[in-house]
Amino acid sequence: MDTSYPLHALVASAREGDQDAWNAIVERFLPLVCALVRRHRLSETDGDDVCQTVWLRLVEHLDALREPDALPGWISTTTRNECLRLLAARKRMTPVDPMDSSALGGVTEDVSGKDLVAIEERHALREALAELPAGRRELLVMLLTDPPIPYAEISERLGIPVGSIGPTRARALEQLRNTRALSAAIAAELETGGERR
Amino acid sequence: MTDWSDDDVLMAALAKAVAEGDTVSNRRREAARAAFSWRSVDAELMELLHDSALEAGAAVRGAADPGRLLAFGRGQVSVEIEVGAGAVSGQVLPAQDATVTLQGSGVEDRTVAPDGAGFFRIEEVGSGPVRFVVTTSEHTLATAWVTL
């Protein structure tokens, strides 16, 4: 099992004790967890600890997870909560200046809504990329590489003519928009975007 | 709002997303993979019911601050934990014949027996994810993991 398997299959196998399925879940969601942790400005060590707590919690939560589609939301919420808990716990360990009203809040601020949308958007894009057939995914990743890989080299590596790289890129992006992950993200954004106006 | 229909906009967004995926440290990846070895199907989960760290005004308590208080429970059994400097003390309720084991990744299990009133204390506790496992003659109850 690897990251290309559907999430419900990975969750089902992980429940059966399949370490490879678990590793694939980690691979798919770890960047999301790390991005959320980074936003909360924890120390590197505390960030490591929160990250580990999230995965330990997911291990114990696997059996209760009835709907694997709820996993991204669960991971996002759990990570943010753990960050807030630890930030608050660290804060109360340090002496507080009573004149500093910024310390009076107790509960620390969460990531702003805009940041959260951007973080979840990037997660959806990685998920969408994972849904593409290997050939198209490789092409897009090569085209994204910085510094750019010359078309001649891409052509050689993927065995497609230089002239068809452009059209294939367009088709791959169209396919990307229609993936489960990205079409859901686009629909969600249209919904909230409409409300904001 | 992102204009997803524009190929170049989509490519730029994709570049950021992929770059973010590449920044994940191997240390965190390994730790996350290793978390799976903590899967215990036989222990029942005690949910985290209360964490004083999230109480409004928690930061302004004075010298009498009792430390962070955590409460876990399942059915009739609950465990209350007070996190002090380098130590935790707690109480299993109702008081019963049991042992309490502190578990954390990368540290040895520490098992203590609560006294007649259910009180226990574990010294030299570092920071990081931990859970408490309460074992009685009838069942094994594991608390949700928390970061100390």
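Reader: With which side chain does the side chain of E120(A) make a polar contact?

Author: This is a predicted model, in which local features need pLDDT of at least 70 and side-chain atom pairs count only at pLDDT 80 or more, while totals for chains, interfaces and linings use all residues. Residues are numbered from 1 along each chain as its sequence is written, chains are lettered from A and ligands numbered from 1 in the order in which they are written, and side-chain values use heavy atoms, with hydrogens and water left out. A polar contact is a pair of N or O atoms within 3.5 Å; within protein, one must be able to donate a hydrogen and the other to accept it, and residues adjacent in sequence count only if both atoms are side-chain atoms. At 2.9 Å, the partner of E120(A) is the side chain of S76(A).

Reader: What is the relative accessible area of E120(A)?

Author: E120(A) is found in helix α5 (residues 113-131) of chain A; helices (H or I, at least four residues) and strands (E, at least two) are DSSP runs, numbered from the N terminus. Buried means under 20% relative accessible area, exposed over 50%, and partly exposed in between (1.4 Å probe, protein chains only). E120(A) is partly exposed, and its relative accessible area is 35%.

Reader: How many aromatic pairs does a search of the whole structure find, and how far apart are the ring centres of W22(A) and W55(A)?

Author: Rings of Phe, Tyr and Trp (its six-membered ring) pair if their centres lie within 6.5 Å; planes under 30 degrees apart count as stacked, over 60 as edge-to-face and the rest as tilted. The search finds three pairs over all chains. The planes of W22(A) and W55(A) stand at 85 degrees, so this pair is edge-to-face, and the centres are separated by 5.9 Å.

Reader: How many residues apart in sequence are the parts that W22(A) and W55(A) tie together?

Author: W22(A) belongs to helix α2 (residues 19-39) of chain A and W55(A) to helix α3 (residues 44-61) of chain A, so the pair ties together parts whose separation in sequence is 33 residues. Both are classed as buried: W22(A) and W55(A). The separation asked for is thus 33 residues.

Reader: Which residue of chain B pairs with W22(A)?

Author: The ring of W22(A) and that of F36(B) have centres 5.1 Å apart and planes at 15 degrees, so the pair is stacked. It crosses between chains, from helix α2 of chain A to the loop between α2 (26-34) and β1 (44-51) of chain B. W22(A) and W55(A) form one aromatic cluster with F36(B).

Reader: At which residue does the kink in α2(A) lie?

Author: α2(A) has 21 residues and reaches 29 Å from its first C-alpha to its last, close to the expected 30 Å, the expected span being 1.5 Å times one less than the number of residues. The bend at a residue is the angle between axes fitted to the seven residues ending there and the seven starting there. The kink is about 45 degrees and lies shortly before the proline P31(A), at F29(A).

Reader: Which residue caps the N-terminal end of α2(A)?

Author: Of the 21 residues of α2(A), 16 are buried, so this helix is largely enclosed by the rest of the structure. At its N-terminal end, a side-chain oxygen lies 2.8 Å from the backbone nitrogen of D20(A), and the capping residue is D18(A).
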